[in-house]
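Here are my notes for your first look through this model. Keep the structure open beside you and turn it as you read.

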Amino acid sequence: MADTLIDIRELRKYYPVKAGVFKRHVADVKAVDGVDLKVRKGECLGLVGESGCGKTTLGKTLLRLHDATSGRVYFDENTDEVEALENRLNDGQADAPETKSLRAKKDLTTFTGGRLQKLRRRIQIVFQDPSNSLNPRMLVKNIIGEPLVTQHELGPREIEKRVLELLRTVGMAREHMMRYPHEFSGGQRQRIAIARALATNPEFILMDEPTSALDVSVQAQILNLLKRLQREFQLTYLFVTHHLLVVKYISDRIAVMYLGKIVELSETGELFEAPLHPYTKALLSAIPIPDPETKRERIILTGDVPNPVSPPAACRFHPRCPFAKDICREKEPPLEDAGGGHIVACHRWREIREKGWDLD
């Protein structure tokens with residue numbers, strides 16, 4: 001599991017804001033702003049944060065459903081070759097012909113045409129709402145078989161056989177092949193979406209809040225299905241959600257995102273036991289305890305989430321942080337290794353680790 005499957009470097013996705021009669025470009029919505037993240041082979045990496053923090057945008061930019069504004073994404077590349085390319089870019093050789101040629105082969109943000117289509121066999125997505133992600137005019141047989149038709153991998157009979165195999169894998173049967181999406185429950189529709197994602201035998205699947213539109217009991221079934229499929233097919237997940245208990249159950253590691261940036265990354269158990277970033281602590285304090293006799297101190301953050309068009313300078317969390325100091329308003333905190341693979345972006349994480357919330 002130590003090998004890196006996806007290596008994200010300084011990834012940015014800005015949406016232009018235009019105004020006036022001539023629709024001039026006046027600003028940018030900085031949805032994803034300089035994210036560095038690595039996803040290991042075979043793991044489920046959870047990505048959590050408030051609505052609007054850029055979680056889904058990061059995932060869709062990674063899959064090239066959105067084009068990145070800048071940055072690099074390497075998928076299953078040799079580590080030494082990636083570092084050599086990064087060194088050339090950092091040394092100011094980005095415009096050199098050799099650097100451009102090497103980046104065109106390694107960086108999936110530059111892929112186009114057949115190279116991009118070939119990559120799509122290896123990376124897939126399961127969307128949040130299966131009611132919207134499944135074509136209501138297509139039979140289940142055609143919905144699941146569409147990726148195979150697009151990739152020109154199999155003939156008609158082989159596709160039908162593969163579709164039946166996938167349906168059985170996700171707990172459905174032959175009689176479901178000739179039905180339309182509206183004839184199924186929400187949980188069944190999500191199973192169909194998962195089967196479609198598995199059609200091309202991908203290595204990586206982006207799970208974009210796949211259980212948020214489902215009832216609690218159905219959520220549990222889908223989560224157990226995803227865990228079983230991960231074991232059987234050696235899949236790697238990026239699991240985007242705002243539900244902390246869901247991500248605790250399914251994820252090996254968790255990355256916390258705030259206003260377009262990663263602020264903390266750690267193994268799941270350690271993050272829940274000893275969070276270091278004030279924002280992470282506030283998120284975890286909001287988890288309800290299923291015992292009316294047990295009370296937990298709720299941390300209420302003051303103010304609203306800042307506007308991503310003009311985010312705060314330096315630390316983006318400092319306007320809402322109860323422990324912000326002058327350095328937090330003057331200098332952006334880098335992602336630092338806090339030991340044991342725990343990474344955090346906070347100037348005061350050492351004090352928080354030592355003293356908890358009782359800071360001066």
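This is a predicted model: local features need pLDDT of at least 70, side-chain atom pairs count only at pLDDT 80 or more; totals for chains, interfaces and linings use all residues.

1. Let's begin with a term.

2. In what order do the strands of the open sheet run? There are 8 of them, in the order β5-β6-β7-β3-β8-β9-β11-β10, and the pairing is mixed. At the edges you will find β5 (123-126) and β10, each of which pairs on one side only. As background, strands of a sheet pair through backbone hydrogen bonds, either parallel or antiparallel.

3. Both kinds of pairing can be found here. Strand β6 (residues 204-208) and strand β7 (residues 236-240) run parallel and are joined by 5 bridges. Look for Asp208, which stands opposite Val240 in β7. For the antiparallel sense, turn to β8 and β9, which pair over 6 bridges. Tyr258 has Lys261 as its bridge partner in β9.

4. The turn of this hairpin deserves a look. There are 2 residues between strands β8 and β9, and Leu259 takes a positive phi near 50 degrees in the hairpin. Strand β9 also pairs with strand β11 (residues 343-344): the two run antiparallel and 2 bridges join them. Here the bridge partner of Glu264 is Val344 in β11. Is β9 mostly covered or mostly open? It is mostly covered, as 6 of its 7 residues are buried.

5. Next, see how helices lie against the sheet. Helix α8 (residues 186-198) lies across β5 and β6, and runs at about 175 degrees to β5. Helix α12 packs on the sheet as well, where it touches β8 and β9. The direction of α12 makes about 105 degrees with that of β8.

6. How many aromatic pairs does the structure hold? The count is 3. One of them joins Tyr258 and Phe317 edge-to-face, with 5.2 Å from centre to centre and 90 degrees between the planes. Tyr258 belongs to strand β8 (residues 253-258), while Phe317 is in the loop between α12 (278-285) and α13 (326-330), so this pair ties together parts that are 59 residues apart in sequence. Both Tyr258 and Phe317 are buried. Together with Tyr279, these two residues form one aromatic cluster.

7. Charged side chains come next, with 25 salt bridges counted. Asp76 and Lys41 make one of them, their closest N and O atoms being 3.1 Å apart. Why does this bridge tie together parts that are 35 residues apart in sequence? Asp76 lies in the loop between β4 (70-75) and α2 (79-90), whereas Lys41 lies in the loop between β2 (24-40) and β3 (44-48). Asp76 is partly exposed, at 28% relative accessible area, and Lys41 is partly exposed too, at 33%.

8. Compare that with the salt bridge of Glu81 and Lys106, whose closest N and O atoms are 2.3 Å apart. Glu81 is in helix α2 and Lys106 in helix α3 (residues 97-106), so the pair ties together parts that are 25 residues apart in sequence. Is Lys106 buried or exposed? The cut-off for buried is under 20% relative accessible area, and Lys106 has 13%, so Lys106 is buried. Glu81, at 36%, counts as partly exposed.

9. Lys261 lies in strand β9 (residues 261-267) and Glu332 in the loop between α13 and β10 (336-337), so the pair ties together parts that are 71 residues apart in sequence. Lys261 is buried, at 15% relative accessible area, whereas Glu332 is partly exposed, at 42%. Elsewhere, salt bridges that share partners join Asp7, Arg9, Arg72, Glu83 and Glu86 into one network.

Conventions
Residues are numbered from 1 along each chain as its sequence is written. Side-chain values use heavy atoms; hydrogens and water are left out. Rings of Phe, Tyr and Trp (its six-membered ring) pair if their centres lie within 6.5 Å; planes under 30 degrees apart count as stacked, over 60 as edge-to-face and the rest as tilted. Helices (H or I, at least four residues) and strands (E, at least two) are DSSP runs, numbered from the N terminus. Buried means under 20% relative accessible area, exposed over 50%, partly exposed in between (1.4 Å probe, protein chains only). A salt bridge is a side-chain nitrogen of Lys or Arg within 4 Å of a carboxyl oxygen of Asp or Glu. Two strands pair if DSSP finds at least two bridges between them. Contact means heavy atoms within 4.5 Å. Axes are lines fitted to C-alpha atoms, for helices over the stretch in contact, and angles run from 0 to 180 degrees between N-to-C directions.
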